[in-house]
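Visitor: I would like to learn how to read the packing of helices and sheets in a model. Please take me through one.

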Amino acid sequence: MTGQPGDNQQISVAAILFDMDGTLIDSTPGVLKAWEIFARDYSLGDSLKVAHETHGRRLYDTIREYCKVDDEAKLLEEIDRFESEVIAGGPVALPGALVLLNNLNAIDAKWTIVTSASNKFAFRALERAGLPLPKGVGIITSNDVSRGKPHPDPYEAGASLCGVKSNDCLVVEDAISGIKAGKAAGSRVLAVCTSTTQDRLLSSDVQPDVIIPNLEGVKATKHGESILIEL
């Protein structure tokens with residue numbers, strides 16, 4: 001189902017689980033610069049192709065796969081180097097993200113962030129973009145799961161953090177790997193076309209429940225223990 005904010009679509013869930021990069025923040029310039037550097041250092045070829053293929057996945061997995069870094073200490077060092085380049089690129093909040101997260105905190109809704117970024121990067125990026133953290137709970141980062149997206153583990157962990165079942169959550173994602181993770185966890189998925197076009201989403205093998213351009217105009221209200229999302 002596609003839609004536009006203001007189409008009067010409604011989704012009722014117990015908690016909302018947000019992807020971070022590409023959904024709440026845009027760190028594209030830094031990511032592209034980092035892959036340009038790593039493509040040069042590791043002879044990866046077309047850095048734009050690599051950035052596209054790896055979007056939404058953990059650096060722990062993608063650097064090991066593409067750069068063939070198997071030594072754990074070296075891998076963590078390279079993750080830090082990559083993420084420092086991304087921070088230097090200046091992550092910014094995407095349209096609607098700040099308003100919606102403040103809305104959710106104001107009504108004491110259950111929500112969290114489930115990101116493929118490391119715990120070192122995620123908090124720095126959110127602070128740099130000026131976005132709030134969920135009240136009363138932490139967030140899920142790549143350090144918190146043994147298997148990253150597209151496996152369901154990250155979103156199952158996010159649901160557990162919120163004290164609810166993953167099949168009673170709404171996952172908000174921009175990447176195909178993340179949408180797959182949300183569906184594998186049994187969650188409903190709201191896809192935003194901030195990094196992946198609607199045409200590509202519709203032609204892929206992923207099936208988000210709703211597709212909208214971005215989070216601008218999305219509102220939340222509390223009804224008992226449920227959150228009503230209005231698009």
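Guide: Two packed helices are described by the angle between their axes and the distance between the axes. Here helix 1 and helix 3 are roughly parallel to each other, because angles under 35 degrees count as roughly parallel, over 145 as roughly antiparallel, 65 to 115 as roughly perpendicular and the rest as oblique. The angle between helix 1 (residues 28-42) and helix 3 (residues 59-67) is about 30°, and their axes are 11 Å apart. Helices (H or I, at least four residues) and strands (E, at least two) are DSSP runs numbered from the N terminus. Axes are lines fitted to C-alpha atoms, for helices over the stretch in contact, with angles from 0 to 180 degrees between N-to-C directions.

This is a predicted model, in which local features need pLDDT of at least 70 and side-chain atom pairs count only at pLDDT 80 or more, while totals for chains, interfaces and linings use all residues. Residues are numbered from 1 along each chain as its sequence is written, and side-chain values use heavy atoms, with hydrogens and water left out.

Visitor: Which residues of helix 1 and helix 3 make the contact?

Guide: Helix 1 supplies Trp35, Phe38 and Tyr42, and helix 3 supplies Leu59, Thr62, Ile63 and Cys67; contact means heavy atoms within 4.5 Å. By class, this contact holds 6 nonpolar residues, 1 polar and no charged. Ala, Val, Leu, Ile, Met, Phe, Trp, Tyr, Cys and Pro count as nonpolar, Asp, Glu, Lys and Arg as charged, and the others, Gly among them, as polar.

Visitor: In what order do the 5 strands form an open sheet?

Guide: The order is 5-2-6-7-8, with parallel pairing; two strands pair if DSSP finds at least two bridges between them. Strand 5 (111-113) and strand 8 (210-212) are the edges, each pairing on one side only. From one strand to the next the twist averages 20°. Strand 7 (residues 188-192) is joined to strand 8 by 3 bridges, and valine 192 stands opposite isoleucine 212 in strand 8.

Visitor: Which strands does helix 7 lie across?

Guide: Helix 7 (residues 153-162) lies across strand 2, strand 5 and strand 6 (169-173), running at about 140° to strand 2.

Visitor: What is the order of the open sheet of 3 strands?

Guide: Its order is 1-10-9, and the pairing is antiparallel. Strand 1 (10-13) and strand 9 (219-223) are its edge strands, each pairing on one side only. Neighbouring strands are turned by 25° against each other on average, direction ignored. Strand 1 is joined to strand 10 (residues 226-230) by 4 bridges; isoleucine 11 stands opposite isoleucine 229, and valine 13 has isoleucine 227 as its bridge partner. Strand 9 and strand 10 pair over 5 bridges, with leucine 228 as the partner of threonine 221. Their hairpin has 2 residues between the strands, and glycine 224 there takes a positive phi near 65°.

Visitor: How should I read backbone angles?

Guide: Most residues other than glycine have a negative phi, and most peptide bonds are trans. Serine 43 has a positive phi of about 55° although it is not a glycine; this residue lies in the loop between helix 1 and helix 2 (47-54). Lysine 149 and proline 150 are joined by a cis peptide bond, with omega about 15°. Proline 150 belongs to the loop between helix 6 (119-129) and helix 7.

Visitor: What does the domain assignment of the protein give?

Guide: The assignment gives domain 1 (10-27 + 92-230) and domain 2 (28-89); such bounds come from an automatic or database domain assignment. Their centres, taken over C-alpha atoms, are separated by 23 Å. The contact takes 22 residues from domain 1 and 17 residues from domain 2.

Visitor: What is the area buried between domain 1 and domain 2?

Guide: The value is about 1,500 Å², of which carbon and sulfur atoms give 47%. Buried area is the accessible area (1.4 Å probe) that two parts lose on being put together, summed over both.
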